[in-house]
Amino acid sequence: MNNFVFHLEPLLPWWLIGGLGGLLLVVALYVLFRRLSGAFLRLLAGALLVFALTNPVLEREEREPLPSVVAVVVDDSGSQGIGERRAQTEQAVAQLKERIGALSGFEVREVHVGDASDDSGTALFGALSKAVDDVPPDRLGGAIMVTDGIVHDTPSSPESLGFNAPVHALITGEEDEYDRRIVLERAPRFAILGEDQTITYRVIDPRLSPGSLVRVTLRIDGREVATDMAVVGEDQVIDLPIEHAGRTIVELEVEPAEGELTTDNNVAVADIDVVREHLRVLLVSGEPHAGERTWRNVLKSDAAVDLVHFTILRPPEKQDGTPIHELSLIAFPTRELFAEKIDEFDLIIFDRYQRRGVLPILYFDNIARYVRDGGAVLIAAGPDYASTASLYSTPLGGILPAAPTGNVTEAPYRAEITELGRKHPVTRDLPGGDTSPPSWSRWFRLIDTDVTAGDVALKGQDGKPLLVLAHENEGRIAMLLSDQAWLWARGFEGGGPHGALLRRIVHWLMGEPELEEEALTARADGNSLIVERQTLGSEKPEITATGPDDKTNPVPMTEAEPGLWRGRVDNASLGLYKVSDGKMSALAHIGVADPVEFREVVSTPDKLAPIALATGGGVVRLASNNGNIPRIAAVSRRVSAAGSGWIGLKRSDATILKSVDRLPLFGGLMGLALLLGVFASLWWREGR
């Protein structure tokens, strides 16, 4: 392709050439006015001289046309997997590439768009903008979108596209599609244990008349709780009981309808994190001692703990004449605490407490009942536990997992994590415990006991039990068989992880889900399913996962830490998963609980039609043409790009310069000969 260009490259400044030209023009007018001979020849010679000074140049440009860029944007979102849409898409894309490739002067850029990671829906126009942001506007021949029409970033005006080219839409799916769905209007993300939460939902069914009833099933953590009849199109409210801390998964499922498009959006899921608002702890110190402040500081530093602390300053048998009103600031309300309101506490701690008549024997029997019914007791033992007044000699002894021998070891030792303790979540990764000996300070007292139940997590001198954790019916018991944790708190010999240890013991007693020694959990990590199994056993757990398609597959597990096995399923399908080891089960939801992509699944041309028509493009439903795309034609940039049975792509006028040939018209011998010829003619004319 050759282009010829004429332009001037003056040899002198334009003002000088203009002045000379003006002077010659005045002289020429004077000669013409006086009718002197040779006036026209003089005028021609002057004009050629001025023209020569402008240095006219003729250039021949060799240019190569640039192809028009056509963006083919393919919708690979979740709704495209419904029915035959995926097959229609693949067929349409193959035909597009074949037919556009047969046209000369067009380049195809294929872009695939999946589900947005931030649940913003299908963003085809955002992907189109990124795909052609390096293409000059005059080179864009058009954009063709292959989609079901459920697009969530359609621009409001064609000017915001940034180019002047047609946008065509090839719509997958069938005519007259029908779907029923359930939508969560309001659901809590966080909840407080023991407080009912409200969930609002609505059932949408375009075929049912207002006021029609459909059946909705409520499931909590995979367990069916209730069934109700919901009014179509109206907000329905459920008061949801929250019964345990940790994660609670709530499912609302509307019964499927005959002939509906998909049942994927018949289930709405709410993933709720449940926390305890306040953990009520009763701390009873049998006597003032160095470690009492350590327990109080640890418990008071936890914002979730409401602490009630009583210290017995003087045992009843000590009679020194001190008035009763000077012995305590607050009277010890034994009946109120251990009879009337005992069930309001999440944990009772006896810190170096021994039987001295302050608490009647009947109350210890009540405490034992409290533990069996789901309460928790911690015994922080000192020499008192080895005495004749030990708590073990009360009705509470029937549930305590360690019986005192009556001996107290008074010798330096370092607390060590037992083999079982390395698997227990309370002591598994205790800071400083991974070395031998552990990198924490020594203790100097240990209460000798015979363990009759539970798990020994820490041991002292000669392997004697130091920390015993046990279950009793629905409740829990922990026994710390030394009163010298305060040495770690005071930094003696470098100290130790007293805060971590005591806090974990307390939260394990109160049923913190993360500290369960036997637990199965599942969670989502992007599009992956993470499964964790905590166990004190030595065998590799066998875990299966059942996906939203009801297919069950094994989950490969590896030991991440002692007592903690972890498995991962990558590229998991969106939806609810149930994992199980045959005894325990857990639920996890991959993706957003109520994804935008599946709120509307009926294919439609309506969302893309306005922008297509505004840009001169067209909208075609593939099913109406037996799945085939319309005819594709190349058109100029000044005509419409769509019609009945065809869509158009605009050719580009852009070119790239390959080479340039220059020809100065008054340069070289040709220009010199022309000027000499004119002036010679003028001289000859004057000589006659």
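## Contacts and overall make-up

Two residues are in contact here when they have heavy atoms within 4.5 Å. In this predicted model, residues 24 or more positions apart account for 72% of the contacts in the protein chain with a separation of 6 or more.

The protein chain has 688 residues, and buried residues make up 46% of them. Its secondary structure comes to eleven helices and 37 strands. As for the surface, the protein chain exposes about 33600 Å², with carbon and sulfur atoms supplying 52% of that area.

## The largest cavity

The largest cavity has a volume of about 70 Å³. It is lined by 14 residues, and the closest to its centre are Gly291, Trp295, Ser482, Asp483 and Ala485.

What classes of residue make up this lining? Seven are nonpolar, five are polar and two are charged.

## The second largest cavity

The second largest cavity has a volume of about 30 Å³. Its lining consists of Val298, Leu299, Asp302, Val305, Arg503, Val506 and His507. Two elements each give two or more residues to this lining: helix H5 (292-300) and helix H9 (498-509).

Which element gives the most to the lining of the second largest cavity? That is H9, with three residues. By class, the lining of the second largest cavity divides into four nonpolar residues, one polar and two charged.

Key
Residues numbered from 1 in each chain as written. Predicted model: local features only at pLDDT ≥ 70, side-chain atom pairs only at ≥ 80, totals over all residues. Heavy atoms only, no water. 1 Å grid on protein atoms, 1.4 Å probe; cavity = no way out; pocket = protein on both sides within 12 Å on 5 of 7 lines; lining within 4 Å. Points joined across faces, edges and corners; volume = space filled by probe spheres on them. Nonpolar A, V, L, I, M, F, W, Y, C, P; charged D, E, K, R; others polar. Helix = DSSP H or I, 4+ residues; strand = E, 2+ residues; numbered from the N terminus. Buried < 20%, exposed > 50% of the residue type's maximum accessible area, 1.4 Å probe, protein only. Areas by Shrake-Rupley, 256 points an atom, 1.4 Å probe, with all protein chains shown as cover.
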